[in-house]
Structures are given as C-alpha cells and as structure tokens.
Amino acid sequence: MAAAAGLCSLMLALGGCDHFSSDEQRQAEVVGNFYRIHLQIHAPGLPSADELKQFEPLLSHALYTLLTETEAADTRYHAALGNQAAPLIDGDLFTSLYEGATSFAVQSCDSDAQRASCQVALRYRKDGADESWNDKILLVLEGQQWRIDDIEFIGNDQSSQREYLSDTLTDAIKQAQ
C-alpha cells in the first residue's frame, strides 16, 4: 500500500496518475528523474565528471559521450588559458533560462517505436522573479531503456542556449580548440 501511494505521489508530480500510457510513463519517469537530479545539483555551466556520473543512467550513449567530451575540452581549455578564461558554457546547461529552473512538470510525451519527445513545463521562481516556459526533451530507446538524447530549448525567446543541447555542446568543443 505504501509503495502504491509513493508511486501515485510520483505520478502526481509528473502530471497525474492516469495522464500517461505505460510507455509514456517510462519516458516521463526518465525525464522527471533527470530534472530532479539537475535541480538538486543546480550548478551552472558544465556538470563536473562526478555530476555527470549521476546523470549517466538517464542519458543516451551519444549524449553522455558528447557531455564527457565537452567536459574534457573545457578542462583542456582552462588548463591552457588559466583561471582567467571565461567558461565555455555559462548559465544553466539543461534549460532555456540562464538562471535555470526551480520546478518542472512533465506535460506530455509522444513516441514511436525508437524515439520519443516530452514537453516539460519549467519555472524559475526566486528573489521576486517568476518565469515560466516549456522545453522539449528528446529520448531514444537503447535496449529496453528510454534515455535522454537531446534537449530542444523552446523557451519564451529568452534561451541562453542554441536551439538544441547537442549544438551548444558541439560549439563549446569547437571553441575550446
């Protein structure tokens, strides 16, 4: 009974107990777990190697590789230029808003056999500021596990990122060379 109540609480945080189909529920859980970790860490810029390890089970092999390559490029960049060098990525990496989000809700998920996308409502509410926007999380099925493969930064024309997370990361690697 306690496990069912806990699951229903999780479902309510994700948008309601009967809002998602079984497959959509698995997708929403991955997205929800990702943002819960991100909001807990809430570090600006690139995640450290230790922080990346927390995200690894939720990320596609391709996205995890791109993030680790970007983190390595950032380390080389700062070793070559010293501590005076500006960060390759400044602000929140995983949301449209530079400051990041303070809360989220998975609104919907759509999928075919191998790919899915989930609309996520994000909100930043702190120190008198109150911003709300949506971003889209793109997932891929690897084995039997849904994993985050990219993020489309939709925002409200306030995005501090390129259109996709993968573009932001690729640009940072190029900048570091």
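Two strands count as paired if DSSP finds at least two bridges between them. Helices (H or I, at least four residues) and strands (E, at least two) are DSSP runs, numbered from the N terminus.

The model shown is predicted: local features need pLDDT of at least 70, side-chain atom pairs count only at pLDDT 80 or more, and totals for chains, interfaces and linings use all residues. Residues are numbered from 1 along each chain as its sequence is written, and side-chain values use heavy atoms, with hydrogens and water left out.

**Figure 1. The hairpin of β1 and β2.** β1 and β2 form a hairpin with three residues between them. The two strands pair in the antiparallel sense over eight bridges. Among the facing residues, C109 has C118 in β2 as its bridge partner, and A105 stands opposite A121 in β2.

Figure 2. A113 lies in the loop between β1 (103–111) and β2 (115–126). A113 counts as exposed because its relative accessibility is 59% (buried means under 20% relative accessible area, exposed over 50%, partly exposed in between, with a 1.4 Å probe and protein chains only). Leaving aside neighbours within four places in sequence, A113 is in contact with L141 and W146, where contact means heavy atoms within 4.5 Å. L141 is 28 residues from A113 along the chain, and their C-alpha atoms are separated by 7.9 Å.

Figure 3. The open sheet has four strands in the order β1-β2-β3-β4, with antiparallel pairing. Its edge strands, β1 and β4 (145–152), each pair on one side only. On average, neighbouring strands of this sheet are turned by 30° against each other, direction ignored. α2 lies across β1, β2, β3 (129–142) and β4, and runs at about 150° to β1. For these angles, axes are lines fitted to C-alpha atoms, for helices over the stretch in contact, and angles run from 0 to 180 degrees between N-to-C directions.

**Figure 4. Two loop residues with positive phi.** Most residues other than glycine have a negative phi. H42, in the loop between α2 and α3, has a positive phi near 40°. H42 is partly exposed because its relative accessible area is 32%. D127 is found in the loop between β2 and β3, and its phi is also positive, at about 50°, although D127 is not a glycine. With a relative accessible area of 74%, D127 is exposed.

Figure 5. A search of the whole structure finds one cavity of 30 Å³ or more. On a 1 Å grid over the protein atoms alone, a cavity is a set of points where a 1.4 Å probe fits but cannot get out, and lining residues have an atom within 4 Å of a point. Grid points are joined across faces, edges and corners, and a volume is the space filled by probe spheres set on the points. The largest cavity has a volume of about 60 Å³. Its lining consists of H38, I41, H42, A43, G45, P47, E51, F55, L93 and F94. The elements giving two or more residues to this lining are α2 (22–41) and α3 (49–55). The lining residues divide into six nonpolar, three polar and one charged (Ala, Val, Leu, Ile, Met, Phe, Trp, Tyr, Cys and Pro count as nonpolar, Asp, Glu, Lys and Arg as charged, and the others, Gly among them, as polar).

Note on methods: 1 Å grid on protein atoms, 1.4 Å probe; cavity = no way out; pocket = protein on both sides within 12 Å on 5 of 7 lines; lining within 4 Å.
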